[in-house]
Amino acid sequence: MKKVSIVFYISTAILLLLVLVGILAPAFLENLTNTVQSFITNSFGWYYLIIVSFFLVVCIYLLFSPAGRIKLGKQDDKPEFSRISWLAMLFSAGMGIGLVFYGTAEPISHYAISSPTGEAGTEQGMKDAMRYTFFHWGIHAWAIYGLVALCLAYFTFRKGNVSLISATLKPVIGKRAEGIAGKAIDTIAVIATVLGVATTLGFGAVQINGGLSFVYGVPTNITTQFIIICIVTALFIYSALSGLGKGIQILSNANMILAGILLLLLFIIGPTLFNLNLFTDTLGAYLQNIVNMSFRIAPLNEEKRAWINNWTIFYWAWWIAWSPFVGVFIARISRGRTIKEFVAFVLFIPAVIGFLWFSVFGGTAMQLESNNMGMISGLATEESLFGVLENFPLSTTLSILAIILIGVFFITSADSGTFVLAMMTTNGSLNPSNRLKVIWGVLLAAMALVLLYSGGLQALQNTMIIAALPFSIVIAIMAVSLLKSVNQEVKDFRLANLRSKRQS
């Protein structure tokens with residue numbers, strides 16, 4: 001087995017302690033996460049909005065700056081994967097289960113249950129619901145992922161550093177990146193990754209359970225979810241052992257094919273023209289209001305502030321908690337691409353695909369609700385997708401396809417997660433051992449089960465928000481480090497050109 005770092009032992013000790021507390025005192029863990037989560041969202045909501053907007057500004061700057069010509073690697077490096085496979089892998093890792101889980105549930109919640117603007121159940125409420133869904137899953141989310149991935153890819157492949165979060169901070173903190181401070185940062189990244197991935201796996205297990213319950217009447221409880229997680233854990237560990245080039249690439253391409261088929265079928269048999277019009281109108285409203293939504297904190301309205309805490313702050317925390325995992329993974333598959341190409345594709349292409357997904361699934365759900373053809377809002381979150389599909393021909397087939405899609409997304413996310421965690425705990429090894437992947441796979445499954453057992457979806461969300469706060473500071477330092485390094489490289493390049501012209 002590749003030599004593991006001290007980060008492995010520290011992080012696993014902390015996580016095993018959390019698992020133990022969750023098993024022995026689930027009520028205590030639920031109350032603790034509720035208290036800490038409430039404090040963070042009420043005290044640091046403003047901070048989350050500002051810091052995530054800062055990450056987006058940094059990405060936009062790099063897209064248009066002279067640094068965009070810099071390659072993530074040596075000048076003769078070529079991309080390892082085709083552009084289609086590259087996009088499929090980054091999309092599967094970056095959104096995956098969450099997109100399927102919230103595809104109908106979020107728009108219908110904003111429209112019929114709790115509106116971001118207080119216009120629930122109206123035509124304007126429908127527009128607002130979709131606009132804020134676009135906002136939560138749009139370029140802000142991908143800016144977080146992209147920035148972390150860009151830092152890692154640049155310092156690993158361009159500068160020759162080990163593929164660790166701490167190594168990206170050397171231009172700012174110097175040799176301390178290799179000492180105690182660096183180990184602490186890498187430990188925070190590992191814990192945030194485990195909690196973020198475990199949360200997503202929990203969502204996946206709950207929704208698979210919801211689909212089986214809706215279609216076949218399977219009981220919805222922790223026992224069923226335990227069985228689902230055990231089965232999928234065995235599958236994703238098998239996939240992880242097959243290696244990055246085979247397992248994850250094949251699964252990611254399968255994800256995109258299955259998701260494309262499901263999307264296309266509902267687009268055709270659903271309210272096609274309505275969804276196209278909704279997509280176009282919402283895209284314009286999203287672009288027009290993006291600055292206002294980015295800094296909306298509602299200081300004088302407790303109801304709207306609570307909505308922001310429950311949705312926007314939760315999402316920003318989710319993306320931040322997932323960013324070390326997604327960042328390491330995207331960096332690993334992005335060698336040979338320029339900064340400009342990287343930012344353009346990572347920031348915009350997956351966001352647009354997500355917008356289309358929400359327009360079709362969320363738009364269909366809202367139209368069914370508004371026409372009283374199906375009370376989608378009355379269903380549990382994990383059942384809303386299947387409640388929509390029930391209203392159309394081939395409903396059972398579509399539901400089975402959706403369950404398979406969630407399962408494959410589940411396996412892909414966990415597969416990628418075990419690879420990334422093994423990398424992060426073997427001093428950045430690009431080919432970590434299979435044994436370590438298995439260890440992380442089992443621990444991820446255990447964490448997902450404990451969080452579900454100790455408080456269900458709410459405990460999952462609470463834990464994510466808590467894990468994201470310290471790592472957001474790390475990302476901010478990474479951004480400063482990257483800007484400092486690429487700007488210096490651009491400056492050196494200009495000076496070298498100037499000397500060359502003078503000599504000639």
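A pocket here is an open set of points on a 1 Å grid over the protein atoms alone, with protein on both sides within 12 Å along at least five of seven lines, and lining residues have an atom within 4 Å of a point. This is a predicted model, where local features need pLDDT of at least 70, side-chain atom pairs count only at pLDDT 80 or more, and totals for chains, interfaces and linings use all residues. Residues are numbered from 1 along each chain as its sequence is written, and side-chain values use heavy atoms, leaving out hydrogens and water.

**View 1. The second largest pocket and its lining.** Some 16 residues line this pocket, and Leu18, Ile191, Leu195, Thr463 and Ile466 lie nearest its centre. Its volume is about 330 Å³, volume being the space filled by probe spheres set on grid points joined across faces, edges and corners. At least two lining residues come from each of H1 (6–24), H2 (26–64), H9 (180–216) and H17 (434–503); helices are DSSP runs (H or I, at least four residues), numbered from the N terminus. By class, expect 14 nonpolar, 2 polar and no charged residues (nonpolar: Ala, Val, Leu, Ile, Met, Phe, Trp, Tyr, Cys and Pro; charged: Asp, Glu, Lys and Arg; polar: the others, Gly among them).

**View 2. The largest cavity, lined by residues including Trp142 and Phe342.** A cavity is a set of grid points where a 1.4 Å probe fits but cannot get out. The whole structure has 1 of 30 Å³ or more, and the largest holds about 30 Å³ of space. Cys59, Trp142, Gly146, Phe342, Val343, Val346 and Leu347 form the lining. Helix H14 (339–370) and helix H7 (139–158) each give two or more of these residues, with H14 giving the most, at 4. The lining splits into 6 nonpolar, 1 polar and no charged residues.

**View 3. Helix H13, with a kink at Ser323.** Asn301 caps the N-terminal end, its side-chain oxygen 3.1 Å from the backbone nitrogen of Glu303. Further along, H13 kinks by about 50 degrees at Ser323, shortly before Pro324; the bend is the angle between axes fitted to the seven residues ending there and the seven starting there. Of its 31 residues, 26 are buried (under 20% relative accessible area, 1.4 Å probe, protein chains only; exposed is over 50%, partly exposed in between).

View 4. Most residues other than glycine have a negative phi.

Methods: A polar contact is a pair of N or O atoms within 3.5 Å; within protein, one must be able to donate a hydrogen and the other to accept it, and residues adjacent in sequence count only if both atoms are side-chain atoms.
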